[in-house]
Amino acid sequence: MTKDGTITTRKITDEEAQACASESIHVIGSIQPHGFQFVLDPETFTIVQHSENTIELINQYLKQRTPFPEAYPILHTSIFDWLALADNDVLTKLVHNQTNKIDLAEHSIISSSCWECVAHLAQGWPSLEFIPTSEEISSSVRLISQMHGLVDVMRSAETEQGLFETITRQFQQYTRFDRVMMYRFLPDWSGEVISEAVSDQEEIKFIGLRFPSADIPQQARDLYAKNKVRVFANVDAEPSRLTPAKLPNGQPLDQSYTLLRNMSDMHRMYLKNMGVKATLTLSILVKGKLWGLVVFHNNTPKTPPNHVVAELKLTCDLFSEILSSYLIPSIEMIDLTHLVAAKECIEHTFNEAKQQLITQSVFELSLKTIQQVLKYDYIGIVSGDYCYVLANGEFKELGEATISAINTLFDGVDEHHYKSHTLHAKHEPIPGLMEMVGIYVRRSTVPSDFCVFFGKNEVVKSIKWGGVPNTVNIVIKGGERKLEPRSSFALWREHVKGRSDHWESQVGQIMDSFFNCARDFVTVKSNELLLEQLEHSAYFDALTHLANRSFLKSYIDDLNFNPKNPGQKVSVLFIDLDNFKDVNDFMGHETGDRILQTVASRLKACSRPDDLVVRLGGDEFVIVVTHDANIDLISMAEKVVHSVGEPVFDHEYTVVITPSVGVISAFVKDLDFNELLKRADIAMYTAKNKGKNSYHIFDKKDQDAFNKKAILTLDLRKYVSSPEMELHFQPQFNFDKQLTGAEALARWDHPTFGYISPEVFIQVAEMNNLIKPLSMKIIATACKHFVTWRQHKLSAEFDTLSINISPSLLLDKSFEASLLNILNDYRVPPAKVRLEITESIFMQNHELAIAKLQSLRDRGFTISLDDFGTGFSSLNYLWKLPIDEIKIDKSFISNMTQDESLLTMVESIIDLCKKLNLEVVAEGVEDKAEFNILKGLGCDTCQGYYLSKPVPNQEFISQNITHDQST
């Protein structure tokens with residue numbers, strides 16, 4: 001076995017370091033023997049605990065009094081038996097985290113001429129500490145007189161080093177400690193001596209030395225932040241115990257704020273090994289956090305008076321305040337200035353880059369410009385399959401191996417940041433960037449193949465340590481191995497490799513700016529490339545060269561994922577061409593295609609350069625407008641309506657195609673592609689229902705109307721299958737005002753919404769494949785009522801019952817058979833039924849429509865062409881159609897008394913029909929003047945409110961059958 005006293009120094013293990021770090025830094029239940037302590041009952045101020053050396057020290061400083069016996073009782077005596085206070089209320093004003101000086105009276109056992117007293121509240125127990133007055137430093141006038149000058153020096157120091165040296169020099173001159181050091185903590189909690197002042201006899205200098213973080217472990221740092229003062233007057237002195245060991249509440253005294261608290265054996269040994277006999281330590285707190293220490297070392301025992309300690313503490317507090325108020329803000333201002341300059345450079349550079357084509361040279365120029373401000377050794381952008389890097393001033397374009405290595409830095413798919421200054425300690429060097437040992441990467445989820453990074457080269461350092469870090473002495477005592485602090489503080493140089501400088505605190509903000517601007521730049525330029533390549537991609541509409549629905553969805557999704565700012569808005573104009581199907585059917589698809597191309601050009605002309613114009617399909621278009629503030633959507637919509645609605649000259653045709661425009665706005669953050677188009681579509685149909693050739697801006701009422709239509713669709717199915725259906729009948733009269741027929745009109749009185757217009761529920765039926773069962777129900781009900789009429793006395797002039805037939809129903813293969821079955825069931829001859837059709841029948845399938853109508857005429861039905869003049873009417877083709885009657889639309893009738901040209905047109909229609917043996921019915925005759933004009937022009941039949949509005953069945957019978965028919 002090794003002999004006792006042998007000391008071996010070696011590298012400390014992790015377990016040993018943890019054991020050292022966990023050791024208490026002061027010994028509970030004892031104090032340093034150069035002073036004594038009383039602990040009082042907070043209510044009676046009797047002594048409940050004191051240090052064992054109390055009588056010894058009091059006797060030592062008694063003047064002209066008989067010494068106290070060594071066993072003199074102290075416990076339970078009143079504090080006022082021992083001393084007199086200048087302010088008796090001072091004991092009630094003590095606080096737990098602040099030590100205050102107590103002024104003593106002269107004529108008492110513990111007198112002011114012999115003792116200085118400080119007190120604080122230790123978890124509710126008043127604690128008084130006494131140390132002898134000292135003649136070594138007789139007055140603090142010298143330091144106080146220098147305070148103003150010291151403050152001025154602190155505030156005017158041009159460098160932080162000058163400020164540090166001023167503090168240590170002043171402290172050493174005032175206290176006459178052999179060494180005063182200012183010790184600053186580094187990010188790893190190792191300490192660096194940044195300034196030092198020593199007496200003449202000191203030869204060893206610690207300035208610039210680093211001390212391992214284990215020298216001041218975590219619990220020591222916590223205590224320094226809690227209590228700013230620590231005094232050890234004599235490292236070799238045996239401590240004095242407190243008696244009794246515990247307070248009346250059974251707990252030991254909390255000595256966190258006790259100036260006389262005793263040091264641990266490990267710390268005592270640490271100071272001995274440095275040759276230190278007395279020490280004073282003051283904490284420097286900046287913004288509430290431990291920044292550093294001012295450490296006073298003396299080679300012989302030294303007891304600084306309490307007032308001197310208080311003044312030093314006050315000066316340190318002032319120094320902390322100057323650091324917080326002047327120096328740190330100055331440093332922060334420099335950092336802020338750099339941050340602002342970096343952000344401005346990044347934003348300006350990428351804004352300039354947006355004006356260029358996206359090429360390798362654009363990335364090179366942008367990275368070089370930014371590097372001049374950031375000064376990083378590496379700046380890189382990964383976009384798709386390419387990695388563009390400025391590495392030590394050289395531009396590189398790297399590929400898959402580099403990108404793959406960067407991706408491996410992230411442990412999980414949810415991680416978006418990675419930062420290290422010792423990259424090679426955990427990861428292999430990155431291909432193409434082998435010398436980069438510090439890296440900060442941020443990657444994106446959308447797009448997932450985008451990231452940016454900063455990098456730093458290796459910085460090889462030689463660090464001067466005051467002794468070898470993480471070493472420990474192994475001491476053999478009594479045959480047992482014990483750990484002690486290292487005995488050597490000789491200079492030791494550590495050669496540091498494999499790491500870069502630590503990343504500065506503002507790098508995160510700079511990275512955010514670089515990431516956002518670079519991603520925005522790449523996104524914008526990628527969209528531009530996408531637009532340029534549309535003709536070769538799935539996002540291209542071959543006919544109009546506009547973006548298509550797929551591109552629109554991608555565009556909207558990208559806006560949603562990457563908004564430029566939270567307040568950005570998107571407005572959509574949904575454009576549908578009115579009656580465009582008729583163009584294709586009547587004029588041919590080639591003409592229709594040319595008109596679509598013209599419309600596309602007009603929409604582009606109506607839009608701003610940054611707006612997106614899309615052809616969704618068929619005759620549906622969309623304009624997407626992104627904007628930060630409100631824009632004049634009404635003017636834009638009116639411009640679209642006016643521009644698209646201008647005549648199109650196509651070969652021998654002059655075609656007027658009008659648009660219906662739906663408009664909706666939403667915040668980018670709230671975008672949902674399908675919901676956005678649905679609402680724009682609702683707004684468009686609202687415009688179409690208002691009469692077409694107009695616009696409508698979506699509001700809540702439109703959604704309500706859409707919901708209403710959905711409800712109507714469900715209820716219409718029930719209505720169609722219900723036993724009874726309400727029909728109204730509008731009488732038709734000749735110009736002798738004799739009843740010649742009636743038009744059957746369906747009516748729906750909804751239980752919730754009331755009267756529903758036929759235009760609404762007929763459209764709902766058409767859209768939901770209900771038109772056939774609805775029409776068959778109307779025909780059957782009309783026939784049922786007609787049979788009832790015939791049981792009454794119908795006038796001889798009553799010719800036919802008119803029933804409207806939709807185009808889709810006429811072209812249905814089973815319609816004719818179903819119609820004949822209904823008429824057969826009610827024994828109504830086909831000759832008594834007139835089927836009313838519109839010109840749109842011939843636009844869908846001209847030849848099939850003519851064949852169907854001819855077949856029905858062969859069965860005995862008569863055919864009436866309704867709303868003549870509102871579609872693609874031509875007087876030239878009437879002779880070709882299998883029809884028996886023309887119904888002139890009410891828009892011609894109601895305006896012919898004010899418009900001479902309309903009157904001429906009505907006259908021409910009547911004249912031509914007479915020559916073609918076609919009967920003529922005038923719709924919407926509202927007054928006597930119109931009635932007389934039509935009579936004079938030779939019109940056959942009329943209907944309208946002038947003669948009768950549509951009425952229910954019983955009212956029709958009462959007015960027109962059971963009464964005299966010559967109204």
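The following conversation concerns a predicted model of one protein chain.

User: To start, how many helices and strands does the chain have?

Analyst: The chain, as predicted, contains 27 helices and 43 strands.

User: And what share of the residues is buried?

Analyst: Of the 967 residues in the chain, 50% are buried. The accessible surface amounts to about 46,000 Å², and carbon and sulfur atoms contribute 50% of that area.

User: What percentage of the contacts comes from residues 24 or more positions apart?

Analyst: Among contacts in the chain with a separation of 6 or more, 68% are between residues 24 or more positions apart.

User: Turning to cysteines, how many disulfides does a search of the whole structure find?

Analyst: The search gives 0 disulfides.

User: Is Cys114 buried or exposed? And Cys783, buried or exposed?

Analyst: Cys114 is buried, at a relative accessible area of 6%. Cys783 is buried as well, with a value of 1%.

User: Now helix α9. Which of its residues are buried?

Analyst: Helix α9 spans residues 400-407, and its buried residues are Thr402, Ile403, Ala405 and Ile406.

User: Why are they on the same side of α9?

Analyst: They cover an arc of only 160° around the axis, and therefore lie on the same side of α9. As a general point, an α-helix has 3.6 residues a turn, so residues three or four places apart point the same way.

User: What covers that buried side?

Analyst: The cover over the buried residues of α9 includes several strands: β16 (378-383), β17 (386-391), β18 (394-398), β20 (436-443) and β21 (450-457).

User: Which residues does Lys569 touch, not counting residues up to four places away in sequence?

Analyst: With those neighbours left out, Lys569 touches Val625, Thr626, His627 and Asn630, together with Ser665, Ala666, Phe667 and Val668.

User: Last, the surface. Which residues make the nonpolar patch of about 260 Å²?

Analyst: That nonpolar surface patch is made by Met333, Leu336 and Val340.

User: Where does Met333 lie, and what is its relative accessible area?

Analyst: Met333 lies in helix α7, which covers residues 306-354. Its relative accessible area is 48%, so Met333 is classed as partly exposed; the class of exposed residues begins over 50%.

Technical notes
Residues numbered from 1 in each chain as written. Predicted model: local features only at pLDDT ≥ 70, side-chain atom pairs only at ≥ 80, totals over all residues. Heavy atoms only, no water. Helix = DSSP H or I, 4+ residues; strand = E, 2+ residues; numbered from the N terminus. Buried < 20%, exposed > 50% of the residue type's maximum accessible area, 1.4 Å probe, protein only. Contact = heavy atoms within 4.5 Å. Areas by Shrake-Rupley, 256 points an atom, 1.4 Å probe, with all protein chains shown as cover. Patch = residues over 30% accessible without salt bridge, like charges linked within 9 Å, V, L, I, M, F, W, Y side chains within 5 Å. Salt bridge = Lys/Arg side-chain N within 4 Å of Asp/Glu carboxyl O. Disulfide = S-S within 2.5 Å. Arc of directions from axis to C-beta.
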